[in-house]
Amino acid sequence: MRTVNEQALAVLVVVGALAAVIACGLYLSWRATRLHRLHQRVDRARTGLRTALDRRRETAARLARALGPEHGADLAAAAAAADGDEPAESALSRSLRRTLADPAVLRAADTSGLLPDAAVAARGVQLARVFYNAAVTDTRRARRSRVVRLFRLAGGAPLPDFFEIDDRQPERPAPVPAPDTL
């Protein structure tokens, strides 16, 4: 028969082991919830990026229509081809920069009032891409953890990929002088 001290020690060991299991369970639950929230953040950032890309594409198409076929043909083709994949979106960025660097285009676009919209849409894409890639970085870092890999806390969620495009802003051109009226 056991003594009272041995029984108390056995109870303490069982309670300690139970507390350790509960603490580990709570920690794993916290990590899984955090990882889930990071994946949700990536999803929200992806939605914001798609919205910004769509807005830029629509603005570029409106600008191309306002410029007409003489100055806006390249921009219209790039806007029509932009479908969310990286090469097409980079091509639209380059086309916007080329179009807005041409002084003849600037004179034609000056009457349309779409230049500020195009600049805002281009900046929106740049910011949305930065936020999306930051969310992807945080999620990838959390998924590299040994605990996450060992206990498969990510479940079947795919590893998010970065979105890398050429999204440099169009240069601010010098003001275009008005044609001589003499």
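This tour moves through the structure stop by stop, naming what to select and what is found there.

The model is predicted, so that local features need pLDDT of at least 70 and side-chain atom pairs count only at pLDDT 80 or more, while totals for chains, interfaces and linings use all residues. Residues are numbered from 1 along each chain as its sequence is written, and side-chain values use heavy atoms, with hydrogens and water left out.

Please select Leu 18, Ile 22 and Leu 26, which make a nonpolar surface patch of about 320 Å². Such a patch consists of residues with over 30% relative accessible area and no salt bridge; nonpolar side chains (Val, Leu, Ile, Met, Phe, Trp, Tyr) are joined within 5 Å, and like charges within 9 Å. The areas come from the Shrake-Rupley method with a 1.4 Å probe, and for residues only the protein chains shown count as cover. Leu 26 belongs to helix H1 (residues 4-81). Helices here are DSSP runs (H or I, at least four residues), numbered from the N terminus. With a relative accessibility of 58%, Leu 26 counts as exposed; the classes are buried under 20% relative accessible area, exposed over 50%, and partly exposed in between (1.4 Å probe, protein chains only).

**Second stop: salt bridges**

Side chains of opposite charge can pair when their charged atoms come close. The structure holds 12 salt bridges, each defined as a side-chain nitrogen of Lys or Arg within 4 Å of a carboxyl oxygen of Asp or Glu.

Select Asp 117 and Arg 62, whose side chains meet in a salt bridge at 3.5 Å, N to O. This pair links distant parts of the chain, with Asp 117 in helix H4 (residues 115-143) and Arg 62 in helix H1, 55 residues apart. Asp 117 is partly exposed at 35% relative accessible area, and Arg 62 is partly exposed at 34%.

Next, select Arg 141 and Asp 138, which form a salt bridge with their closest N and O atoms 3.4 Å apart. These residues are separated by about one helical turn, because they stand 3 residues apart in helix H4. Arg 141 has a relative accessible area of 48% and is partly exposed; Asp 138, at 24%, is also classed as partly exposed.

Then select Arg 140 and Asp 161, a salt bridge in which the closest N and O atoms are 3.3 Å apart. Arg 140 lies in helix H4 and Asp 161 in the segment after helix H5 (146-150), so the pair ties together parts that are 21 residues apart in sequence. Arg 140 is partly exposed, at 23%, whereas Asp 161 is exposed, at 52%.

Arg 41 is part of helix H1 and is partly exposed, with a relative accessibility of 30%. From Arg 41 to Phe 131 the C-alpha distance is 9.6 Å, although 90 residues separate the two in sequence.

Select Arg 152, which lies in the segment after H5. Most residues other than glycine have a negative phi. Arg 152, which is not a glycine, has a positive phi of about 50°. Arg 152 is exposed, with a relative accessible area of 70%.

Glu 164 also lies in the segment after H5 and is partly exposed at 44%.

Glu 171 is another residue of the segment after H5, and at 65% relative accessibility Glu 171 counts as exposed. Glu 171 and Arg 97 are 74 residues apart in sequence but 6.9 Å apart in space, C-alpha to C-alpha.

**Last stop: the cavity**

The structure has 1 cavity of 30 Å³ or more. A cavity is a set of points on a 1 Å grid over the protein atoms alone where a 1.4 Å probe fits but cannot get out, and its lining residues have an atom within 4 Å of a point. The volume of the largest cavity is about 40 Å³, a volume being the space filled by probe spheres set on the points.

Select the lining: Arg 56, Ser 93, Leu 96, Arg 97, Ala 122, Asp 167, Arg 168, Gln 169 and Pro 170. Helix H2 (residues 86-101) contributes the largest share, 3 residues. By class, the lining has 3 nonpolar, 2 polar and 4 charged residues.

Conventions. 1 Å grid on protein atoms, 1.4 Å probe; cavity = no way out; pocket = protein on both sides within 12 Å on 5 of 7 lines; lining within 4 Å. Helix = DSSP H or I, 4+ residues; strand = E, 2+ residues; numbered from the N terminus. Nonpolar A, V, L, I, M, F, W, Y, C, P; charged D, E, K, R; others polar.
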